[in-house]
Amino acid sequence: MECQICIPLNQKHILKARNLQCRGELKLILYAALAVLMLSCYAEAYDPLDPNGNITIKWDIVSWTPDGYVAVVTMNNFQMYRHIMTPGWTLSWMWSKKEVIWSMVGAQTTEQGDCSKFKGNVPHCCKKTPTVVDLLPGVPYNQQIANCCKGGVVAAWGQDPTAAVSAFQVSVGLAGTSNKTVKLPRNFSLLGPGPGYTCGPAKIVPSTVFLTPDLRRKTQALMTWNVTCTYSQFLASKHPACCVSFSSFYNETIVPCASCSCGCHNKGSCIRSNSKKSQLEGINTPTKDNTPLLQCTHHMCPIRVHWHVKINYKEYWRAKISVTNFNYRLNYTQWTLVVQHPNLNNVTQVFSFDYKPIVPYQSVNDTGMFYGTKFYNDLLMEAGPDGNVQSEVLLRKDENTFTFKQGWAFPRKVYFNGDECKLPPPDAYPSLPNSATMISVAYLLVPATFALLLLLN
């Protein structure tokens with residue numbers, strides 16, 4: 001008689017339920033992993049010190065033409081401390097139909113494309129994906145509109161809101177001639193001037209309202225759409241663009257930037273500061289692709305920020321900030337330096353730099369932006385004797401939080417031109433000498449001893 005292993009019906013249900021439960025838990029784990037991956041991707045483009053920072057490109061159709069429309073394109077930089085420096089922005093997109101650009105004011109496309117099918121009037125650009133750049137200053141007035149022709153340089157919103165905008169006018173043909181027939185461009189791309197920006201799709205928004213010069217009449221765009229572009233330092237470069245070094249009056253140790261802070265991929269083409277190559281004519285001429293030519297250093301960074309704790313007063317303390325450029329081919333125009341430090345809520349005076357607090361969260365005031373004074377030191381020269389700017393900041397002590405212990409006097413984060421700099425490891429920060437407590441006690445004992453001797457006499 002053969003033996004058969006029989007599983008009771010209720011046990012089969014139990015095993016089936018357990019299998020379903022395992023599958024459900026596995027799905028939850030997979031969904032959680034996918035969510036973490038997606039959040040990590042988006043986190044790269046999110047700046048906690050400037051959570052609302054972006055570049056918004058607005059298209060306003062101001063008139064219809066027999067075969068298309070005329071639009072004013074306005075680029076607003078709403079980033080608090082990240083600007084677009086020379087050689088300026090480059091904007092491109094893909095037409096949804098067979099549109100062409102008949103003419104432009106305030107900007108131009110880099111290529112005309114194949115316009116051979118047109119007889120008589122030849123369009124300004126016939127490419128499916130036009131690439132647009134700003135005009136240079138000094139072009140004839142009939143080629144200009146408001147906020148154009150700055151060579152693509154756009155200031156940061158926190159530094160100069162009036163210069164944080166760029167605009168041009170474009171006449172589009174072979175397009176729709178009404179709100180229902182116009183197709184929005186797609187696949188927008190923005191270089192500012194290098195990679196790093198990611199642009200979302202164009203979205204139709206309520207039409208822009210304009211005021212006439214006499215401020216007595218309002219006019220309205222016929223149609224408006226927006227494109228929002230956000231910046232990610234990870235997309236811009238695999239390596240940091242700057243590093244930070246520390247020193248203090250209470251410790252002889254100077255904490256340098258870590259070796260290869262910005263990667264050592266340029267080490268084969270660097271130039272020593274005392275070599276004859278650094279003095280050759282034309283060495284400071286930028287290349288078309290903006291390839292840096294760095295001074296040979298152990299950190300190989302284009303920019304080094306040095307924070308020195310200089311003086312300790314009874315109610316105040318003073319720090320010195322120095323920014324050094326090690327790139328022979330690049331001048332930094334309208335540079336910005338953002339520092340996160342707990343005592344920046346008590347800034348008393350800043351020397352040589354302009355200063356503006358950045359308060360992304362109303363309850364915390366620990367971040368500030370330093371930038372050059374106009375026509376004085378707002379231009380950081382290329383590597384060499386003049387390739388540095390420096391200032392000092394006086395801060396009032398807060399008795400409840402102030403201390404020099406455990407690196408408190410040094411910044412938590414440092415950004416140069418919107419890119420986060422690499423800081424030294426926390427255990428390397430200059431520390432108070434072990435005898436500091438004993439010295440302070442000794443200073444108290446000296447007058448007490450003299451007083452006791454006088455009493456004994």
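Cysteine 199 sits in strand β9 (residues 197-199) and cysteine 229 in strand β13 (residues 223-231), so the bridge ties together parts that are 30 residues apart in sequence. The S to S distance is 2.0 Å, and both cysteine 199 and cysteine 229 are buried. Keep in mind that this is a predicted model. In total it holds 8 disulfides, including the ones described here.

Cysteine 243 pairs up with cysteine 257, S to S 2.2 Å. The torsion about their S-S bond is about 85 degrees, so this disulfide is right-handed. Cysteine 243 belongs to strand β14 (residues 242-248), while cysteine 257 is in the loop between β15 (251-255) and β16 (303-312), so the pair ties together parts that are 14 residues apart in sequence. Cysteine 243 and cysteine 257 are both buried.

Next up is the disulfide between cysteine 262 and cysteine 301, with an S to S distance of 1.9 Å. A torsion of about 100 degrees about the S-S bond of cysteine 262 and cysteine 301 makes the disulfide right-handed. Cysteine 262 and cysteine 301 each lie in the loop between β15 and β16, 39 residues apart, and the pair links distant parts of the chain. Cysteine 262 is buried, as is cysteine 301.

## A cysteine left out

Cysteine 125 is in no disulfide: the nearest cysteine sulfur belongs to cysteine 126, 6.6 Å away. Cysteine 125 is buried too, with a relative accessible area of 1%.

Definitions and conventions: Residues numbered from 1 in each chain as written. Predicted model: local features only at pLDDT ≥ 70, side-chain atom pairs only at ≥ 80, totals over all residues. Heavy atoms only, no water. Disulfide = S-S within 2.5 Å. Helix = DSSP H or I, 4+ residues; strand = E, 2+ residues; numbered from the N terminus. Buried < 20%, exposed > 50% of the residue type's maximum accessible area, 1.4 Å probe, protein only.
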